[in-house]
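Thanks, everyone. I have a few minutes, so let me put the chain on the screen and walk through it.

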Amino acid sequence: MNKKIRISLKAARVNANMTQLQAAASLSDYTGVYITKDRIRYFEQSPNEVPDIFGKALSKIYGIPVDNIFFGSLSTKSCRKNVRL
């Protein structure tokens, strides 16, 4: 079985020795789109909401292959309807 190791966006940023503010500035420079540190925080909390173009850019900025960054949902909640306890 060949499982790829994936790390969170936050872990990728920390491993790149960057703050959210530094990551926002680098992403802004890389894409030409103004990005705030609050947007970086949002991306880290909701990685499934990161547009592909930003995901690829963050991969380059952090120096980690895009396939090794987790962009799925971080939710551990299960959804059940009409469950009686």
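First, the ground rules. This is a predicted model, so local features need pLDDT of at least 70, side-chain atom pairs count only at pLDDT 80 or more, and totals for chains, interfaces and linings use all residues. Residues are numbered from 1 along each chain as its sequence is written, and side-chain values use heavy atoms, with hydrogens and water left out.

Start with the helix pair. Helices here are DSSP runs of H or I, at least four residues, and strands are E runs of at least two, numbered from the N terminus. Look at H2, residues 20-31, and H4, residues 52-62. Their axes come within 10 Å and cross at roughly 115°. The axes are lines fitted to C-alpha atoms, for helices over the stretch in contact, and the angles run from 0 to 180 degrees between N-to-C directions. The crossing of H2 with H4 is right-handed.

Who touches whom? From H2 we have Ala-23, Ser-26, Leu-27, Tyr-30 and Thr-31. Facing them from H4 are Phe-54, Ala-57, Leu-58, Lys-60, Ile-61 and Tyr-62. Contact means heavy atoms within 4.5 Å. By class, that contact has 8 nonpolar, 2 polar and 1 charged residues. The nonpolar class is Ala, Val, Leu, Ile, Met, Phe, Trp, Tyr, Cys and Pro; charged is Asp, Glu, Lys and Arg; the others, Gly among them, are polar.

Now the rings. How many aromatic pairs does a search of the whole structure find? It finds 2. Rings of Phe, Tyr and Trp (its six-membered ring) pair if their centres lie within 6.5 Å; planes under 30 degrees apart are stacked, over 60 edge-to-face, the rest tilted. Tyr-42 and Phe-43 have ring centres 6.3 Å apart and planes at 50°, so that pair is tilted. Phe-43 also pairs with Phe-54, again tilted, at 5.9 Å centre to centre and 45° between the planes. This second pair links distant parts of the chain: Phe-43 is in H3, residues 37-45, Phe-54 is in H4, and they are 11 residues apart. Together, Tyr-42, Phe-43 and Phe-54 form one aromatic cluster.

Buried or exposed? Buried means under 20% relative accessible area, exposed over 50%, partly exposed in between, with a 1.4 Å probe and protein chains only. Tyr-42 is partly exposed at 35%. Phe-43 is buried at 2%. Phe-54 is buried too.

Next, salt bridges. The rule is a side-chain nitrogen of Lys or Arg within 4 Å of a carboxyl oxygen of Asp or Glu. The count comes to 2. Arg-13 bridges to Glu-44, with the closest N and O atoms 2.5 Å apart. Arg-13 sits in H1, residues 9-15, Glu-44 in H3, and 31 residues separate them. Arg-13 is buried at 7%. Glu-44 is buried at 11%.

The other bridge joins Arg-41 and Asp-38, at 3.0 Å, N to O. They are 3 residues apart in H3, so about one helical turn separates them. Arg-41 is partly exposed at 36%. Asp-38 is partly exposed at 42%.

Last, the loop. Most residues other than glycine have a negative phi. Asn-17 has a positive one, near 60°. Asn-17 lies in the loop between H1 and H2, and is exposed at 69%.

Technical notes
Left-handed = near helix turned anticlockwise from the far one by under 90°.
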